[in-house]
Amino acid sequence: MGLRDFIARRVSRRVDVYRIDDFSVEPPETVSIKKRVDTVRLKPEIACDVSRPFEFSEITEKMKANAVNVKLAEKMPKAHNHRIKHFVKEDVKTHTLQFTKKPKTWSLLKQLQALPQERENVLKYMKKRPETLRNEVILACYGPIVEGGVLKLALNKQRGTLLVWYKAGSRQLKAKYAYLIRRLGLGGKPEWRWE
Amino acid sequence: MANNALGYIIIDGTETQIRGAALVTDAKGFPVDFVRTDPLRPDQLSRILYGESFGKYAKEKLILESLLDAVETDPQIWICNDADILAPLREKSRIKSVLLEESPHVPLDAAGHIETTADPGVFLIQANTNGAPFRAEFPGGIRPEEVQQTGAILTEAAATMDILEPFARLEKALNFLASGARV
């Protein structure tokens, strides 16, 4: 502070103010610490070469994905301002895809032959009653049944159906209908009649 | 080969388990050949890769082919109850194939009578004398002669057996086996 300023402050309580337009201090130099790595396009592009459409059956058992002579990149990518310490250079792995296999089949003929056939009561569809049953009350009618081949019959009273077991090897083919009837006037038990 | 044999194919199940069975009967409905598959449990990968088409694929390629390969007696006609397998059944077996169901229609004039319906490839066949006609669906492009031949085969068979009854027996056998019991 000069004498003039000192007197000016003491006497007039004023201070000159100067504008400084020119900064002579240079801004500090900045250095980028950003690390940059080049990216390399993978080549060649991996594509499936399918010259014909697959059928389902061709891929039912196993499908193996193979990679042959695949170089993912021609050269290692460059890193700027940094040293690459670790470069993962893995081979292309192949995996075998296991699809759902065809199921095993079993022949169970003898077991199924033991099951009876079930005949429903077809009385409601009958257009006319047999002449021979004109004097009987028809309770139910089951058929067609090859009478000569029958091994056993059983009436399923709960379902109102007739269970039929046939003899194995029977060559009979003459079919009839089994009528469950009750004779008029006698009050007797229901009985079977083949017609 | 049994000349008057009828073949039945049934394939059913859920998304997680599919099974199938084939039955060939003589003219009385008595079994002359019967095969069934183990239950097919699709793995997760197959379900993901095939998506919604897996069910059809499994029925056609895994179950149906296995059954046809295993059946030793060729029937004169295959009867199925699933539209998904009708065309492949005809194509793979090279045997007449039909999807047969009961219909609510009133009986037609006489046994052997065949009527067309509004649906292409679907006919009404009056095979038996006591009952409603069957709704018979054929694979696409069916020839009229084949429809007539099928009608004749079914009519002849219906004289000695209940045509649709074997389906019930197949279901019963499969359910019995699925319960873990041994027949």
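**Exercise 1.** Describe the side of chain A that touches chain B in this predicted model.

*Solution.* Step 1: count the residues. Chain A contributes 30 residues and chain B 37 residues to the contact, where two residues are in contact if their C-beta atoms, placed from the backbone, lie within 7 Å.

Step 2: assign them to elements. Strand E5 (105-107), helix H2 (109-113), strand E6 (117-119) and strand E7 (136-146) of chain A each give two or more residues. H2(A) gives the most, with 4 residues. Helices (H or I, at least four residues) and strands (E, at least two) are DSSP runs, numbered from the N terminus.

Step 3: sort by class. The side of chain A has 17 nonpolar, 9 polar and 4 charged residues. Ala, Val, Leu, Ile, Met, Phe, Trp, Tyr, Cys and Pro count as nonpolar, Asp, Glu, Lys and Arg as charged, and the others, Gly among them, as polar.

**Exercise 2.** Find the strand of chain B that is joined to E5(A).

*Solution.* E5(A) is joined by 3 bridges to strand E3 (residues 31-37) of chain B, and the two run antiparallel. A:Thr105 has B:Thr37 as its bridge partner.

**Exercise 3.** State how H2(B) and H3(B) pack.

*Solution.* Step 1: helix H2 (residues 54-70) and helix H3 (residues 83-93) of chain B pack at an angle of about 40 degrees, with axes 10 Å apart. Axes are lines fitted to C-alpha atoms, for helices over the stretch in contact, and angles run from 0 to 180 degrees between N-to-C directions.

Step 2: H2(B) is therefore oblique to H3(B) (angles under 35 degrees count as roughly parallel, over 145 as roughly antiparallel, 65 to 115 as roughly perpendicular and the rest as oblique).

Step 3: the residues of this contact comprise 5 nonpolar, 1 polar and 6 charged.

**Conventions.** Residues are numbered from 1 along each chain as its sequence is written, with chains lettered from A and ligands numbered from 1 in the order in which they are written. In this predicted model, local features need pLDDT of at least 70 and side-chain atom pairs count only at pLDDT 80 or more, while totals for chains, interfaces and linings use all residues.

Key:
Pairing = 2+ DSSP bridges.
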